[in-house]
Amino acid sequence: MTTVSGTLKSPNYPKHYPNGQYCSWKIIVNSTQQIHIVFKSFSLQIERFTDELRVYDGEDETGGVLRVFYGGHPPPKEGIYSSSSRMFLIFKSDKTVSYTGFSASYFAGNKPDKFT
């Protein structure tokens with residue numbers, strides 16, 4: 001995704017996502033900006049190491065992990081910021097229970113001082 005803003009959704013959202021999913025998104029914005037992603041809805045399995053969303057600070061898995069979210073550890077309401085112009089996300093679901101998943105919007109911009 002290379003636009004200044006966009007939307008990400010888990011497969012079948014708002015219906016339950018399928019079991020055994022592996023989905024990834026790469027977001028790249030202007031090199032002078034950062035990425036702010038805010039989750040409008042988030043519902044995954046409660047247990048850790050089942051269904052999860054990993055957010056990386058960079059264009060692939062070699063970037064540092066910003067956060068790992070699952071049902072018992074959802075994203076903060078204010079969202080999260082990348083430290084650069086690139087963010088990579090991976091959603092994985094296991095082979096058992098599924099939920100409605102997530103819907104998120106991202107925006108290119110600069111991190112406000114209160115987040116530094």
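Q: Buried or exposed: which is K77?
A: K77 counts as exposed, because its relative accessibility is 79%; here buried means under 20% relative accessible area, exposed means over 50%, and partly exposed is in between, with a 1.4 Å probe and protein chains only. This is a predicted model, in which local features need pLDDT of at least 70 and side-chain atom pairs count only at pLDDT 80 or more, while totals for chains, interfaces and linings use all residues. Residues are numbered from 1 along each chain as its sequence is written, and side-chain values use heavy atoms, with hydrogens and water left out.

Q: And where does K77 lie?
A: K77 lies in the loop between β5 (64-69) and β6 (80-81), where strands are DSSP runs of E with at least two residues, numbered from the N terminus.

Q: How many bridges join β3 to β8?
A: Nine bridges join β3 (residues 34-43) to β8 (residues 101-109), and these strands run antiparallel; within β8, S105 is the residue that stands opposite V38.

Q: What about the largest nonpolar core, which residues have the most contacts inside it?
A: Those are I37, L53 and L89, in a core of 21 residues; such a core is a set of buried Ala, Val, Leu, Ile, Met, Phe, Trp, Tyr and Cys residues joined through side-chain atoms within 4.5 Å. At least two residues of this core come from each of β2, β3, β4 (52-57), β7 and β8, and β3 gives the largest share, four residues.

Q: Which residues does L89 touch?
A: Not counting residues up to four places away in sequence, L89 touches L8, C23, S24, W25, I27, I37, L53, R54 and V55, contact meaning heavy atoms within 4.5 Å.

Q: How many aromatic pairs does a search of the whole structure find?
A: The search finds nine, where rings of Phe, Tyr and Trp (its six-membered ring) pair if their centres lie within 6.5 Å, and planes under 30 degrees apart count as stacked, over 60 as edge-to-face and the rest as tilted. One of them is Y17 with F91, which is edge-to-face because the centres are 5.0 Å apart and the planes at 80 degrees. This pair links distant parts of the chain, with Y17 in the loop between β1 (5-9) and β2 (22-28) and F91 in β7 (residues 86-92), 74 residues apart, and both Y17 and F91 are buried.

Q: Which residues do the ring pairs link into a cluster?
A: The cluster holds Y17, W25, F39, F42, F69, F91 and F102.

Q: Last topic, how many salt bridges are there?
A: There are three, a salt bridge being a side-chain nitrogen of Lys or Arg within 4 Å of a carboxyl oxygen of Asp or Glu. R54 meets E52 at 2.7 Å, N to O, and E52 counts as buried because its relative accessible area is 9%.

Q: Which residue does R86 meet?
A: R86 meets E59 at 3.0 Å, N to O, and that pair spans 27 residues, from β7 to the loop between β4 and β5. Salt bridges with shared partners join K26, E59 and R86 into one network.

Technical notes. Two strands pair if DSSP finds at least two bridges between them.
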